[in-house]
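Here are some short notes to read beside the model. Take them one at a time, with the structure open.

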Amino acid sequence: MSDETLLRVREVTTTFDTPQGRLTAVDGVSFDLAAHESVGVVGESGSGKTVLSRTIMGLQPRRGVSVTGSVLLNGTEVVGATEEAKRELWGRQVAMVFQDPMTSLNPVVKVGRQIDEVLRVRLGMDRSAARARAIELLEMVGIPAAVTRYGAYPHSLSGGMRQRVVIAIALAGSPQLLLADEPTTGLDVTIQAQILNLLDEVQGRLGMSMILVTHDLGVVATRTTRLVVMYAGRVVETGTTRDVFARHRMPYTRALLESSPKVSNPSHTRLAAIPGRPPNLLDLPTGCAFAPRCAYATDRCTSERPVLEPADEPGHLFACFNPLPLRVGSPS
Amino acid sequence: MARYLARRLVTLVGIVIIISVGAFYLIHLLPGDPATVILGTGDSPQNRARLYAQLGLNRPIIEQYFVWMKNVLHGNLGISFISQVPVWTTIRAALPIDLEMIVLSQILSFAVAIPLAMSSAKRPDSWLDRFLGAFSFTMLSIPAFILVVVLVLVVAIKLAVPHTGVSSYVPLSQDWVTNLESMALPSIVLAIGSVTVYYRVLRSDLIATLQQEYITLARSKGISQRRILWRHALRPSSVALLGTAGVNIGGLLAGGFIVQYLLDIPGLGYTLVNSIGLSDYLVVQGIVLVVSIGVIVINFVFDFLITLVDPRIARE
């Protein structure tokens, strides 16, 4: 592992014990993340991307979950670490921006207090220093009248403002890694770009690494250097963002790309939907999990599971027996 | 907020009027007659009629009510037919005892119920949680008057702990240490009933709260579980707890009456039961009025506490 590698994820598998049986939400996922780098994790709902981000942080529920594999964060193993050991990492080394700001802020605690809790408990600041820093953070994430907002309750703030507060909480402990789990799903479209730009800006400004989890390839296109495409808990394609967009080989990646709305499309363009639905994780097919929905599937796809294989470009991997041909004249 | 308080105040006045009417009629419906208590059974009808006229009991009952109500509104609860002591004097002597019992029992209940509910909610269905659930259910089904008897038997008689038995009450003004000793047993009896209820209400709300995303966010800050429970989970989980506590205090007064009567503690309950036996109408009416206002005010206070605990509620 090079000095530049901040996070090394190897063969991570997360299973849940459910009343219906054992559910594998993340299955043998591996990837690296360098310092200052941002990686996008993309996939449909239920593809395991949220569980993956929580597993990386070690933030799964205490019971009914088991994780195997290895997550090395700055040299510390997260898988199997005690709650006390993970607490040391949380807030200081790794922080998370949650999906829905309407539910992720404590409704009965003033927003300022929710920010300065990290400063006081984790960084040992005194009350007045923490308050000053919290107001600074509120200003940094673009909240106007930060001094007044410091004493506001979450219910008096809009969704976009709340997500800015959630970001301020995540930034309070100056983490090296920021996990943004669908950070704009709960927000108005007009606010989404603002929040994404804010994340982008603070990531660059503070020199953090970021994992941006989303179902929307449009979100990660310009904001990440590499992509991890997930389907049914497994990585099905990974590579630089440029390669995945221009030279993807896995039919699922193409389906995701086609189902993402583009501004360049003429208006009233019919959005391509991926036929069928994501597989039941309790009862995965033996072969490729995408085969039942795939136009290119052959008999081999339903009987044997493809593993990640290198493509022509360095670092570009895909798991498919019938990869898409590279389009002639496609940009490289 | 001001409108909310004003609306509650109007309700309060209405309820007090209804209760005062009810109490007035009920006591007059009960068998017993103050004239018999004062004059004995063998006195002449003439004396009896004279006493009735003197006490105003010969007038129509509606008129009696309005006379009483008019006096009450002027701050005059009347003078007892029997003891000739002003009713307010009697109440003022007894009320602090009830207040002390309630305050002690509630401090005790919250001090026990909150940590127990937390240890259950941390690990639902653990052996501790199951045990506490079964235990609280058992305690819930034992009435206060049985508990008093058992505790007196064990603590005061078998263990012979001083100042804990029947008739061991020492006023607070005399010696506060002995007073606390003598109030311990009745307060514990009342607390046991409250603890079981508070534990159950808070446990289920805490379990629901701990599933919330904001608890996961709090966890992701790297703060201790203790801090998560006390700073993040307790407040949003205590709305139902405070509501229950407010309602519970009314029941606690009634439970307190029985305990006072059994242990010979001269609080309002003890005085009330004695006054009913003596047909001491004015004392009974006075106590019922004070207690009902007290219960409503306590409810009111708890409703107000709820708005402090959850800032979202005050908005409506």
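1. Start with contacts in chain A. Of those with a separation of 6 or more, 62% join residues 24 or more positions apart. Two residues are in contact if their C-beta atoms, placed from the backbone, lie within 7 Å.

2. A word on the source. This is a predicted model, where local features need pLDDT of at least 70, side-chain atom pairs count only at pLDDT 80 or more, and totals for chains, interfaces and linings use all residues. Residues are numbered from 1 along each chain as its sequence is written, while chains are lettered from A and ligands numbered from 1 in the order in which they are written.

3. Now the build of chain A. It has 11 helices and 12 strands. Both are DSSP runs numbered from the N terminus: helices are H or I with at least four residues, strands are E with at least two. The C-alpha trace spans about 65 × 50 × 40 Å along its principal axes. Of its 332 residues, 45% count as buried. Buried means 20 or more other C-beta atoms within 10 Å of the residue's own, exposed means 12 or fewer, and partly exposed is in between; C-beta atoms are placed from the backbone.

4. Look at two helices of chain A, H3 (residues 111-122) and H4 (residues 127-140). Their axes come within 9 Å and cross at roughly 120°. Axes are lines fitted to C-alpha atoms, for helices over the stretch in contact, and angles run from 0 to 180 degrees between N-to-C directions. H3(A) and H4(A) are therefore oblique to each other. Angles under 35 degrees count as roughly parallel, over 145 as roughly antiparallel, 65 to 115 as roughly perpendicular, and the rest as oblique. Residues in the contact include Ile115(A) and Leu119(A) of H3(A), and Ala130(A) and Leu137(A) of H4(A).

5. Turn to helix H13 of chain B (residues 281-309). Its 29 residues should span 42 Å at 1.5 Å a residue, and its end C-alpha atoms are 42 Å apart, which agrees. The expected span is 1.5 Å times one less than the number of residues. Among its buried residues are Tyr281(B), Leu289(B) and Asn299(B). Their cover includes H1, H5 and H11 of chain B.

6. Check two phi angles. Most residues other than glycine have a negative phi. Gln84(B) has a positive phi of about 65°, in the loop between H4 and H5 of chain B. Ser279(B) has one of about 55°, in the loop between H12 and H13 of chain B. Which is buried or exposed? Gln84(B) is exposed, with 7 other C-beta atoms within 10 Å. Ser279(B) counts as buried, with 21 C-beta neighbours inside 10 Å.
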